[in-house]
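Please open the structure in your viewer and keep the selection tool at hand.

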Amino acid sequence: MFTAAEAIAARLAAQWVRSEPVAYPNVQFTRPVDVAAKPEAFLVLEVMWAGGGQESIGAPGANLQRGEGLIWLHAFVPRDRCTAAAGAMLDAGIVIFRSLDFSGVRTEGAQPGGNGPGTEDGAYWRESVSIPFTFDEQG
């Protein structure tokens with residue numbers, strides 16, 4: 001049985017067809033560079049919990065527990081590249097998660113998450129979206 005974060009990461013890994021690499025939570029990642037050592041685009045996945053609670057009563061140890069959270073997709077593109085490249089990565093990620101039910105995870109529509117400098121060294125520009133989700137467990 002998957003946790004919500006595992007199910008989300010597994011779905012992205014199975015469905016991501018673009019050439020840009022994906023950085024997953026708590027997995028070693030090295031920013032990509034081209035043969036001239038110039039920065040290349042990449043996507044970052046974050047899964048953040050926003051709360052939750054018990055949804056049923058009367059069955060100790062077997063009540064429905066519903067967690068709520070956000071799937072964050074952050075597209076990083078080299079600072080000198082058109083921001084449309086970031087938008088294209090986010091569009092591809094949104095399609096993988098938008099308004100679906102998979103492995104116990106139920107998602108909603110994507111919401112804009114902002115943009116700005118992507119790294120402290122100024123090499124990247126970042127654009128982000130969030131996708132709200134819920135996940136049910138017995139407990």
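Which residues of α1 are buried? Select Ala 4, Ala 7, Ile 8, Ala 9, Arg 11 and Leu 12, which are the buried residues of this helix. Please bear in mind throughout that the model is a predicted one.

Next, display the whole of helix α1, residues 4-15. Its twelve residues should span 16 Å at 1.5 Å a residue, and the distance between its end C-alpha atoms, 16 Å, agrees with this. An α-helix has 3.6 residues a turn, so residues three or four places apart point the same way.

Beyond residues up to four places away in sequence, Ile 8 touches Leu 45, Val 47, Ile 71, Phe 97, Phe 102, Val 105 and Phe 133.

From there, extend the view to the largest nonpolar core, which has 27 residues. Ile 8, Leu 12, Leu 73 and Phe 97 are the residues with the most contacts inside this core. At least two core residues come from each of α1, β2 (42-54), β3 (64-78), α2 (84-97) and β7 (124-138). The most is given by α2, with six residues. Another core, of five residues, lies apart from this one; select Phe 42, Val 44, Phe 76 and Tyr 124, which are among its members.

Proceed to Val 77 in strand β3. With a relative accessible area of 0%, Val 77 is buried. Leaving out residues up to four places away in sequence, Val 77 touches Ala 41, Cys 82, Ala 85, Ala 86, Met 89, Ala 123, Tyr 124 and Trp 125.

Then select Glu 20, in the loop between α1 and β1 (22-23). Is this residue buried or exposed? Glu 20 counts as buried because its relative accessibility is 13%, under the 20% cut-off. Its side chain is joined to that of Arg 18 by a polar contact of 2.8 Å.

Finish at Gly 116, which is placed in strand β6 (residues 111-117). Gly 116 counts as buried, at 6% relative accessibility. Trp 125 and Arg 126 are in contact with Gly 116 when neighbours within four places in sequence are set aside. From Gly 116 to Glu 127, eleven residues away in sequence, the C-alpha to C-alpha distance is 6.7 Å.

How values were computed
Residues are numbered from 1 along each chain as its sequence is written. This is a predicted model: local features need pLDDT of at least 70, side-chain atom pairs count only at pLDDT 80 or more; totals for chains, interfaces and linings use all residues. Side-chain values use heavy atoms; hydrogens and water are left out. Helices (H or I, at least four residues) and strands (E, at least two) are DSSP runs, numbered from the N terminus. The expected span of a helix is 1.5 Å times one less than its number of residues. Buried means under 20% relative accessible area, exposed over 50%, partly exposed in between (1.4 Å probe, protein chains only). Contact means heavy atoms within 4.5 Å. A polar contact is a pair of N or O atoms within 3.5 Å; within protein, one must be able to donate a hydrogen and the other to accept it, and residues adjacent in sequence count only if both atoms are side-chain atoms. A nonpolar core is a set of buried Ala, Val, Leu, Ile, Met, Phe, Trp, Tyr and Cys residues joined through side-chain atoms within 4.5 Å.
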